[in-house]
Amino acid sequence: MRTAYSVETVRAAERALMAQLPHGALMQRAAAGLAAACAGLLRRVYGARIALLVGSGDNGGDALFAGARLARRGAGVTAALLNPERAHSEGLAALLAAGGRVASAEAADRAVRSADLVVDGIVGIGGKGGLRPDAAQLARAASDSGAVIVSVDLPSGVDADTGEVRGTAVRADATVTFGSYKPGLLIDPAREHAGALRLVGIGLELPSRPDVEALQHADVAALLPRPEAESDKYRRGVVGVVAGSARYPGAAVLAVAGALHGGAGAVRYAGPAADAVIARFPETLVSAGPPSKAGRVQAWVVGPGLGDGTDARQALEDVLASDVPVLVDADGLRLMSPDAVRGRTAETVLTPHAGEAAALLGVSRERVESGRLAAVRALAERFGATALLKGSTTLIAAAPGARGHHTVRVNPTGTPWLATAGSGDVLSGLTGSLLAAGLSGRDAASVGAYLHGLAARELGDAPVTAVGVAEELRGVWRGMLTSGR
């Protein structure tokens, strides 16, 4: 599992460690890891042209000490100092002693444009806002040069705590971060600036509860529900699906597909698209009556393609009045009563995309997309529910008071190919099946998003369809269960 900690937490851990170490030892650890990573990105170190973009903070010191190590191995290292009077004096002395040099203000642009590798040490993890004009000019020169760009700890110009990018920021090919991942490295839009991530351990003692975490393959495999010898369809979980309408019968079919391929013991469908559902999945248990009369379920999925008529509103109210976990998506998000959601005793999972989240929070879509971490936390807090915010990075925040609610989860398997009609309907059914199997809202949403993204990735770099993703889930399940043994 990848865990990320806030700037405040990381700095407190650094202070505690520095109090136990000789002067400069912590920076030397970071510089050694940075130099090794840079060397690994070059065809050869000897004779390579390396430019350092050096700010006034510790990241600049890391870059200078790493540059000194590379210069001792025969690289031609040139430092462009953004603020010469405040450059790290010991790091600068080490670079010059190793044969590196400092470019004049006039020569800095030329040194960057001719480099094989550029090290971005402009701004540290405490930086806020975009780059200043002189730094932005060098960042553009690095981008135009075609050189490999390596950022120190995080790309300069992005917000380490939130992932926000307010202005010009470095776009790195790789980011070497120290001690811990920072939330911004895992969350868009900053994640898109970070490139490949490499974590260098420097001995920090960090709290057991991170601010952000990303489940990995083994974590998801351990959470997957597995049938036991005495399992029957009810023990495995029966999920109810209230979706589709005369205009959107396909939404019902896709939600049911996600539930069936997501491991549900049985799926009950209640809605007007029963004929379309049965034609595709004859094992589905259908009902024409209200959801409360459909039969026993362990969780409900409501909303995809539901429309906004009287029947849709009544069905939603019926589901929210139940005493089992409920997932609300799509049209259900528009129609639901916030008071009804907050008043539920069983878990509720909301799965909006950015536009739906903006409507729920009363803010602009742009604000949600630029501040995804704040938005998902606000959704969970406002509605007292687990929130799964879909998008370029899918985030999951648990309801206040739930276990682990302080830590937001980031799904690492997302792909732009999932931006296709019906994809969210499949995710809703899949996540609903995991709720019915007994996973918490937080775990069901996390595992569902992970499997959904993995299924899309298995289809390769080509246009995918929601049906294709749903069908690929069977193979993904098989692979996950096998690897988890």
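A crossing of two helices is left-handed if the near helix is turned anticlockwise from the far one by less than a right angle. I noted that before opening the model, which is a predicted one.

**Entry 1: two helices**

I looked up helix α16, residues 354-361, and helix α18, residues 372-383. I find that α16 passes α18 in a left-handed crossing. The angle between the two is about 50°, and their axes lie 10 Å apart. An angle from 65 to 115 degrees would count as roughly perpendicular and one under 35 as roughly parallel, so α16 is oblique to α18.

I then listed who meets whom. From α16 come Ala357, Leu360 and Leu361; from α18 come Ala375, Ala378, Leu379, Arg382 and Phe383. I sorted the residues of this contact into seven nonpolar, no polar and one charged.

**Entry 2: the loop between β6 and β7**

I moved on to the loop that runs between β6 (148-152) and β7 (174-178), where I found Ser156. Is Ser156 buried or exposed? Its relative accessible area is 1%, and the cut-off for buried is under 20%, so Ser156 is buried.

I checked what surrounds it. Leaving out residues up to four places away in sequence, Ser156 touches Asp120, Ile122, Val123, Leu131, Ser151, Ala169 and Val170. With one of these, Ile122, I also noted a polar pair: a polar atom of the Ser156 side chain lies 3.5 Å from the backbone nitrogen of Ile122.

Asp153 has its place in the loop between β6 and β7 too. I wrote down its phi, which is positive at about 75° although Asp153 is not a glycine. Asp153 has a relative accessibility of 4% and therefore counts as buried.

**Entry 3: another positive phi**

I looked up Ala330, in the loop between β14 (326-328) and α14 (331-335). Ala330 is not a glycine, yet its phi is positive, about 50°.

**Entry 4: a cis peptide bond**

Which residues does the cis peptide bond join? I find Asp188 and Pro189, with omega at about 5°. Pro189 sits in the loop between α7 (183-186) and α8 (191-194).

**Entry 5: Met18**

Last, I looked up Met18, in helix α1, residues 7-18. Met18 has a relative accessible area of 45% and is partly exposed.

Key:
Residues numbered from 1 in each chain as written. Predicted model: local features only at pLDDT ≥ 70, side-chain atom pairs only at ≥ 80, totals over all residues. Heavy atoms only, no water. Helix = DSSP H or I, 4+ residues; strand = E, 2+ residues; numbered from the N terminus. Buried < 20%, exposed > 50% of the residue type's maximum accessible area, 1.4 Å probe, protein only. Polar contact = N/O pair within 3.5 Å; in protein donor to acceptor, adjacent residues only side chain to side chain. Contact = heavy atoms within 4.5 Å. Axes fitted to C-alpha atoms, helices over the stretch in contact; angles between N-to-C directions. Parallel < 35°, antiparallel > 145°, perpendicular 65-115°, else oblique. Nonpolar A, V, L, I, M, F, W, Y, C, P; charged D, E, K, R; others polar.
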